[in-house]
Amino acid sequence: MRAQLAAEMLKLRSTRTTAGLVASMLVLVVAAVVLHGYGLPASKLETPADQLTFLVGWGEVLGAIFAGLAGAISFTGEVRHGTIRPTLLATPRRGRVVAAKCLTGSLAGLVFGLVATSVAAATGRIALAVQGIDVALDGGDYALLIAGGAAAAALWAVIGLGVGAIVRNQVPTIVGLLAWLLFVEGVLVDNAPGLGRFAPGALGQSLSGLHPDTLLAPALGALLLAVYATGALAAGTVATVRRDVE
């Protein structure tokens with residue numbers, strides 16, 4: 001298991017995909033916070049809930065998205081390039097391969113979430129200062145944003161891995177994750193909030209305190225998101241163990 005973990009960590013550190021995902025995430029986080037900081041009227045950014053949800057909360061949203069993509073690519077990338085064959089030959093017990101990818105992926109997701117929320121918090125303070133709007137968030141709000149965003153991203157990396165292991169094809173996996181997080185869940189939350197708040201993306205946002213009037217409490221959100229991650233990982237493991245490698 002140690003050898004497999006070391007191999008997965010090496011893949012994570014040495015591939016350009018990881019660096020590209022981090023760079024893209026940071027650009028989008030800064031752009032989203034700046035655009036909302038300048039584009040929204042001051043009346044929309046006065047309360048702590050508004051500043052958290054509509055401004056710095058983009059750190060959690062994008063951190064979870066990119067962590068999910070990283071988790072999915074960790075499996076689908078190997079299938080796409082054919083390196084999954086030597087990986088499974090070197091470790092015939094396929095469950096260990098998925099477990100190693102889960103551990104390294106969740107660690108990477110944790111870093112994605114920490115970086116995204118920290119950058120969003122710093123950028124948000126600058127944007128508010130430039131606009132002459134008082135910062136209503138306190139230390140507790142920032143702590144919840146960063147800790148919750150990191151936890152949500154770590155769990156979303158596991159979800160992405162599970163989905164990638166089930167689907168295997170990289171393009172449909174990525175498109176499906178993005179469509180779900182950026183479109184489907186938005187429709188659910190807007191039109192059926194009672195159901196939408198139990199969706200995995202909304203649960204991730206609840207961990208950071210976003211939309212406190214409509215989403216679940218952070219602790220309950222964390223528990224349910226962990227259930228989603230466990231289910232996705234279990235399904236991905238079963239699919240990997242039972243299906244042949246093409």
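Let's start with a helix pair: the axes of α7 and α10 come within 7 Å and cross at roughly 155 degrees. That makes α7 roughly antiparallel to α10. Angles count as roughly parallel under 35 degrees, roughly antiparallel over 145, roughly perpendicular from 65 to 115, and oblique for the rest. The axes are lines fitted to C-alpha atoms, for helices over the stretch in contact, and the angles run from 0 to 180 degrees between N-to-C directions.

Which residues make that contact? From α7 we have L144, G148, A151, A152, W156 and I159. From α10 we have P200, G201, G204 and L207. Contact here means heavy atoms within 4.5 Å. By class, the α7 contact with α10 has seven nonpolar, three polar and no charged residues. Nonpolar covers Ala, Val, Leu, Ile, Met, Phe, Trp, Tyr, Cys and Pro; charged is Asp, Glu, Lys and Arg; the others, Gly among them, are polar.

A word on the model. It is predicted, so local features need pLDDT of at least 70 and side-chain atom pairs count only at pLDDT 80 or more, while totals for chains, interfaces and linings use all residues. Residues are numbered from 1 along each chain as its sequence is written, and side-chain values use heavy atoms, with hydrogens and water left out.

Now the whole chain. There are eleven helices and zero strands. Helices (H or I, at least four residues) and strands (E, at least two) are DSSP runs, numbered from the N terminus. For 246 residues, a compact globule would have a radius of gyration near 18 Å; the chain has 18 Å, which agrees. That radius is taken over C-alpha atoms, and the globule rule is 2.2 Å times the number of residues to the power 0.38. The C-alpha trace spans about 60 × 35 × 30 Å along its principal axes. Of the 246 residues, 44% are buried. Buried means under 20% relative accessible area, exposed over 50%, and partly exposed in between (1.4 Å probe, protein chains only). Among contacts with a separation of 6 or more, 78% join residues 24 or more positions apart.

F54, L55 and V56 of α3 meet W58, G59 and E60 of α4. The classes are four nonpolar, one polar and one charged.

On to α11, residues 218-242.

In α6 sits V115. V115 is partly exposed, at 30% relative accessible area. Leaving aside neighbours within four places in sequence, V115 is in contact with M25 and L26. Its C-alpha atom is 8.8 Å from that of V22, 93 residues apart along the chain.

Last, two backbone notes. Most residues other than glycine have a negative phi. R168 has a positive phi of about 75 degrees. R168 lies in the loop between α7 and α8 (170-191), and is buried at 12%. H211 also has a positive phi, about 45 degrees. H211 is in the loop between α10 and α11, partly exposed at 30%.
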